[in-house]
Each structure stands twice: as C-alpha cells, then as structure tokens.
Amino acid sequence: MSRIAVSLTVNGEAARVEVEPREHLADLLRGTLLLTGTHIGCEHGVCGACTVEIDGVPARSCITHAGSCDGATVRTIEGFDDDEVMAALREAFSQEHALQCGYCTPGMLVTARDIVLRLPDADEARVREELAGNLCRCTGYRGIVRAVLHVLAARR
Amino acid sequence: MTVEQRGFGVGASLRRKEDARFLHGRGRFVGDITRPGMLEVAFLRSPIAHARLLGVTKPQGAEKRVFTLADLPGIGTIRANSALPGFRVSEQPALAKDRLRHVGEAIAACVAGSRAAAEDLAAACVLDYEALPAVHDMLQAPLPDQPLIHDHWTMNAFLETRRNDDVSGLDAVAAAKVTRTLRTSRQCMAPLEGRGVLAEWDPRLEQMIVTTSTQMPHVTKTGLADCLGLDEGQVRIVSPDVGGGFGYKGILLPEEIVCASLAIRLGRPVRWLEDRFEHLSASANCREHHYVITAWADKAGKLLGVECEATVDAGAYSSYPFGACLEAAQVGSILPGPYVLPLLRCHTISACTNKPPILPYRGVARTGVCYAMETTLDALARKLDITAEAIRLANLVPPDAMPYRNLVGKVFDSGDYPEALRRAVAAFDLDAIRARQAAGEAVGFGLATFCEQGAHGTSVYHAWGIPFVPGFEQAQARLSPDGVLELRVGVHSHGQGMETTLAQVANEILGVHPDKVRVVHGDTALTPYSTGTWGSRAMVMAGGAVAEACRQLAGRVAAIGAALMQVSVAEVEVADGKVRRRDSDVFVTIADVARTWYRAPQNLPPGVDKGGLEITAGYRPDPDTGTHSYACHAAVARVDVRTGAVVLEDYVIVEDGGKLVNPMIVDGQVMGGLAQGIGTALYEEMPYDRDGQPLAATLADYLLPGTTDVPDVRLEHMETLSPWTTFGQKGIGESGAIGPPGAIVNAINDALARLGAEVFDLPASPSRVLAAIHAAKGGVR
C-alpha cells in the first residue's frame, strides 16, 4: 500500500512519519509516536475520548486522517505540562471527583481547556452543552461540570 | 454534597491516589501496551444470526495466518453450568465449529502485524454457510414450533423457575387489582474502553501471561486454564487500568482463549482489541426483560399478592462464570423489593435466542424488576386513588422489623426504608407540581424505592451451583523495610478508586498515612485468590479483609515496638503510624519496627513471631447473606406532548449505604449509576430485526446519556450501619442504576395521567411516549 509522508509538530517536537492513507491520527499518535494518553473509544467520532488539539482547536483524532496532518501542530494530553489552565483543570478534576476509570479523562480535559479559554463567561448550561461531545460512562458528569465551572470562576 | 475531609481513615472524602496518572494521560490500559514482535488479531465474525457453518476459504497465500477452530485443536468450550434444576447446558466454542448462533460470533482469528492488515485478511476470507431461521423473539423462542438453537435441547430455554403461592383467592378480597405488560430494552454496557487481550507465552516459566481488561482476574485465570488444558500455575492474568466495566468485564471471553492459544502456537505475543462495532454488535448484550405482572392490594394500598410471568432474552450461550440465568432466575427473589409481600406467584424463563449471550450489567436483574414493581405500584395507586407515597409507605418494611426476613428468604440487615421515602418526598414542592398539572402542564412526579443486596456470599451462591462460589475474601498486608505498607487484594478496581479506599481502611486501623500505602491489585501472581469486583462486594469483602489483615499486623508491630521500648505489649497501642506507650508520649514508628525486622533483626525480642510483618487474612461477614443498601429515587419529568421528548427537571436520591468509607467516591458511584439508569429509562436500546440483525452499530445509533441528559441531582445520605460488616459499610456500587427507570417512567405516567396515557416499555423514547399518547386518544398503540 502506498504511504504518505507527513511532517507535523507534536507536543512541540517535529515528527516526520510515513502513514497509510487509511491511518487515523489517533493510531499515529498512539502507535508510531507512543503517546498513549490519547484514548480510542469509538473510532467514529462520537465519544470524544480521542480529542486532541490540532492547530489550537480541539478535534477528534479518530476521524482525522493522519495523512491530512502535514504541517499541523498537534497537542495531546502529554503536551500540557506547562499549561496553567490545564494544571488548574487537573486540580479541579481531582477535587470534584470528575474521573473514575480515567479513560475519557484526557479527551475531556482537552475539551474543557478549550471551554475555559474560549468561553470565560460560560454558565452551567453552556458548559454542559459544550461538553456534550465527550461521553463519560462512569461519573454522571456532575464532577466534570463542577470542575470546569470551578476553573472558570477562579479565573474571573 | 459536602466534600469534607475527616482525617484519612474510614469516612474521609479523601481525594483519589490514582487520579494523577489518569489526569496526565499516564494510565495504562491494555491498548497502551505493546510487546516486541507482537501480532494483532482481527476476527472473522458471523454476519448472520443462525446458520450451519459449512466452511471458511482462507485468502490465498495467507492460509497460515487465518485460524479456525480446526487449526487450534485441544481448546475447550466455555461451559457455565448451573445447579438449578432443569438447567440446559450450552457449549460455547471459542471459535464457531459447525453452527453460527448469533451475529458477531467469532469464526476465525486473522493474524497480522497490524490490526488494519488483520482486518484485511478477515475481509478476504470467504464464508460458506446455510442460513437457518433466526430465533429473534424471546416470547416466541420457547414455543414448540421454533427451530432449536441447541439441537439436543427440547426447547429454547436455559431454565424455567416457578414459585407457586396460591393467589386464586385474591380477586375476591382485593380492593384493587392491576395487570401490566412491560418490557425493558436489550442494552449494551458500553464502558468507554472495550475489552482487550494481550497474550504471551513465557517459555522459561512455561506460563501463559494474559494482560486483559477484566474485573475478575482470578476467575478468568481459572476459566482460561480449564479451556486451555493448563494447570492454574501456568496462567497469570494481569489486569492493568480498566476503562470501566459495569459487569461486562466480569466474564471469560472466547477471544481470551483464542489469543492465548495463538500465542502458544505462534510463539509470539498476540493482541486483540475490541472495537466499538464489535462491542455493540457481537458481544456486550444485557438486560431485555418482559413482564406480565399482576398485583392485588387492599383499599389502603397494602399489597396482598403479586403474580408475575417474566421472560429474559438470554441470547445464545451461557457465559462464564455467571451463566445465562443471572437475570431471569433472580426475578422471583428480587420482586418483593423493600416491601412486605405476603404472596408471590412467579414463573420465569431464561429464553435462548440467536443473539449474543446476556452478560451482567450494573444492577443485574434488579433494574428491570424494580421497574416492573414500581410502575405496577403506581398503577395500583392510581386505581385506588391514593398517592405514590402512600402506597409505598403502606408496604415498606418498617425499621422496627429489622433484621427482616422476607417471603423468599432474603434477610435485610438494617435501615429505615420509610424514612428514605419521606425525606425524598419532602425535598419537593408537590403542591407546585399539582398546580402546574391543574393548569394543563404535562409535568409529573415519580418515585422508586428499592433495596440492593450486595456482597452476598457462600450461603447464597452455593445454591446456584455456578462455576464459582465466593468464600472468604483474603487480603495481604505487609510492611516493606522502609515502612511502606503494601496491601495485596484479588479484587480489581475499574474506576471505583480502591487504591484510595483500601488505603483509608488501613489508615483507620494502623494510622499509616495513605501516601505510604500501596495497593497492589490486578495481577494473579501478586495477589490472593478472589472472585473479583462484582456484585457490589469490594468494599465489604476486600475492605473487611484489609481491616482484618491490618489488625493482625498491628499485633505483630505492637510486639516488636513494645520490645524496642522495653515495655510489655499490654502497655502499648498502635495508632497514627506509631507504636505508642499508653502512659506517655514515648513511641517508635511503624517504620522503625519495619527497619528492625528486616535490617536490624539483632534487636528483635526473643520469641518474636517468625511470620514477620506479612499477614494474609481472610474475611467473610457472618451472616454472609449480603448487605442491603436501599434508596428512594424521586424524579420530576416534563413531557412535550407534541414531540414525546422528556426533560428531567429535578431528581433526588436519598440513599443508605451504611458507613460510607469515602463519601465522595460513594457519591460518584451513585451519580454514575444514575446516568446509566437514565440511559436505561430514556435512551439506550439495541434493537434486533426479524433476522436477528443488531440495528445499532455505532454510538450515533446506540445513545449514551451525555452532559445535557443528566441533571444535577440532589443526593442525600442516611448512614444506618450494617450490623454484619467491619465498619457497618454496605455494598452500594450498583444502586444508582437500579431506581431511575421506575422513578422516571412513573413521573412520565404521572404527567400523562390526565390524558389517560401510560408508557409501558423502555426506553421511554419520544416515539414510545407519542405512541402512548396516541393510544390513549383511541389510536393504535
């Protein structure tokens, strides 16, 4: 099968890889680049577990073709260690018991960080609406919503 | 909820020790683990529900990378028998032999360097089969004219059970009688992580090491060793971080057997990761109950008797270890619920159909049974013109009757069931709801009360005769030379936070700071045998075992500590991580004691216990018939009578789980269960067509509740201690998922009452709600 050469930046580091046309970004990240913090839950773009940041915007890595990521800047859950919003979210997620099995958590955090930065005035209804693309089967969402609201409030 | 912290022991809402790794993407799930030379497996699966399998033509040139059952001689079939009289035994082959019995049944394992390449192989196989009529309807399945799914059986049913109380006189004396025909949907458990297996053969140890996403590593070991013909010492099961389970990861998988067999045959590590399509269409089936239920009551609403005909669609095979009857065979024993019920007549059928085997899912039979009983009670109340609250208060077991043995022999340990109901009702302004109804608004109030038997043990399960019977739960507690306390348990956390809660138990006994406690779990080579994490048992059983091990360890520590202080053991106590003289501030730390045992044994007293600082202790409550947590769920639902859409305006849970080891985690369990229960009530449905084809193959078709579907619940706890457990704790892990369908549909039916409409089937989707309204207007239901 023909392969596509892709150059991209992942978590601040340049990567040059060759991918199959059918390979999705989540498999590239997890397999070739060993960044297993991005999780795969459905591989059809519904559950949100694979959410990463592509060029500054949250995106489903399971329905993003790796071959289309030439020149892209990708950030995964492993790439936020210096980010103060992510640090605050991690603290709040633990405080509010916003995770149980932890499988949806990386995708949830990437989405949550985007909400905090993009919608500083969001109320609970808006936060719930914005999080609706990320499924969690364990928590019933209360802790997650509260954690995001907590970080939003702290930044006001 | 107030998350308040009271120290680090039992009762503290301690933040979870395991959070950090998940928050940084450092959890380790099966799919994150690779091995050099690892091969990936894709399964060729049945596209048809029922057929004679005639053959598989392998892709040319890839004959040695495609394995049918004939290529894996010697592997056994999965048998999960039951000692219940009349049980029909099924043999589930790891790969189909000559018959296909459900869509998704594995036929051949295709092996390649990547999953994609393995799927290419599966797609290139040519399957030859002769279609047979599919048995898709559980009510038809047991009838004599139906094709038999297992040829040697006499009917398509694993089991029938009967309880034959005479209810024939009740029509004459009852003030009210109602009959309802009710149905719950077939569901999929849908943890966000599917199953996954990585099997490798260690030629040095002659051991099969299987890393697999399971809730019960030891039971999987036993079942796998049996199917592979290995002794149990030759199988080691490692269960790493598990991305949710909810019962689905409490079974032995055909895929585990196949991967292990392949790893031995190929001498290479072999991995299979379930994808969502496989999960939904081939594997993760649960629930699907049908009831015809009749109840009689006197004019005060007091139940005189219940008659129930229950059918559960158990699918094609009896899965290991819980078997095909775990739902239906429990209906009769769960139906009395938290109520005083004088008479029960009940017939159940575990129907066999051409669908994937029914597997345990949070709440197991209780969710369906609670739905049937609670909606029937409301129907009775409407007929008697009394309130939903009144009919329940007329029947709930009163607190002064505790411990209470009900008519089927279940023993409720403790609690004030009516008080939970009263508190839940008091949380609402019912007059305001009635006023809105009077103004014509389709809003309603619904209740469900129930109790949940958890941590039931030997005395309950031996009667079932399934492949395992839980006995004494064991835990190991040992101090390492630096004073860190290691706890080794055979249960396995899949989100419950046991690395934290068991550390709290140890802290309660020894005072060791939770940071200095390491919980080792999820590896059969490192932990004592256990039936695992299921049945809301872990905090009662493993919590009790850890406490007992720590108590015994405290005795050993005290003896050495006292000697180091040159006093008698009677003069010291162990607390706060120290051995302290009772009469002064003089102490040595537990770390000092550990250092002495391991690194300065010259200072040990004569006659010191040679067992050292390592204890294995066993625990079982006495009696072991199980704890009974209980709850009242109360919902306010608003129905859009034009679209059939239902909005949950408010939801209250009053719950009693006995002593809460970590209230924050308990709240999380209840909330998570509630979300799943809302899914059961309003959204989740795996429909099958007449050919036995599953119709919801993606999460866009199989709807899981999202953030906007789960309200911000008001949650209140009562803490009535169980007299039978270490700290008075009760099993509570499944409770949240039991009550919602009953409470929510009762609220919907209350909202629709002025229209004369009533919903009977789950989920109460917009189309079903509209159909109910339409039927009430004289249309066809």
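Leaving aside neighbours within four places in sequence, which residues is T181(B) in contact with?

What we have here is a predicted model, so local features need pLDDT of at least 70, side-chain atom pairs count only at pLDDT 80 or more, and totals for chains, interfaces and linings use all residues. Residues are numbered from 1 along each chain as its sequence is written, and chains are lettered from A and ligands numbered from 1 in the order in which they are written.

Okay, back to T181(B). The residues in contact with T181(B), beyond those close neighbours, are Y291(B), V292(B) and F760(B); contact means C-beta atoms, placed from the backbone, within 7 Å of each other. T181(B) sits in strand β8, residues 176–183 of chain B. Helices (H or I, at least four residues) and strands (E, at least two) are DSSP runs, numbered from the N terminus.

Next, strand β28 of chain B, residues 627–639. Of its 13 residues, 12 are buried. β28(B) pairs with β20(B), residues 443–454, in the antiparallel sense over 12 bridges; to count as a pair, two strands need at least two bridges found by DSSP. In that pairing, G446(B) is opposite A635(B). β28(B) also runs antiparallel to β29(B), residues 646–656, with 10 bridges, and there C632(B) faces V654(B). The hairpin of β28(B) and β29(B) has 6 residues between the strands, and G644(B) has a positive phi near 80°.

There's an open sheet in chain B too: 3 strands in the order β4-β2-β6, with antiparallel pairing. Its edge strands, each pairing on one side only, are β4 (99–100) and β6 (126–131) of chain B.

Now a helix: α5(B), residues 254–266. It spans 18 Å from first C-alpha to last, close to the 18 Å expected at 1.5 Å a residue, where the expected span is 1.5 Å times one less than the number of residues. 10 of its 13 residues are buried, including I257(B), C259(B) and L262(B). After α5(B) comes G267(B), with a positive phi near 65°.

Over in chain A, how do α3 (105–118) and α5 (142–154) sit together? Their axes come within 10 Å and cross at roughly 35°. Axes here are lines fitted to C-alpha atoms, for helices over the stretch in contact, with angles from 0 to 180 degrees between N-to-C directions. Among the residues that meet are M108(A) and I115(A) from α3(A), and V148(A) and L152(A) from α5(A).

Last stop, where the chains meet: 41 residues of chain B are in contact with 41 of chain A. On the chain B side, α16(B) gives the most, with 7 residues.

How values were computed
Contact = placed C-beta atoms within 7 Å. Buried ≥ 20, exposed ≤ 12 C-beta atoms within 10 Å, placed from the backbone.
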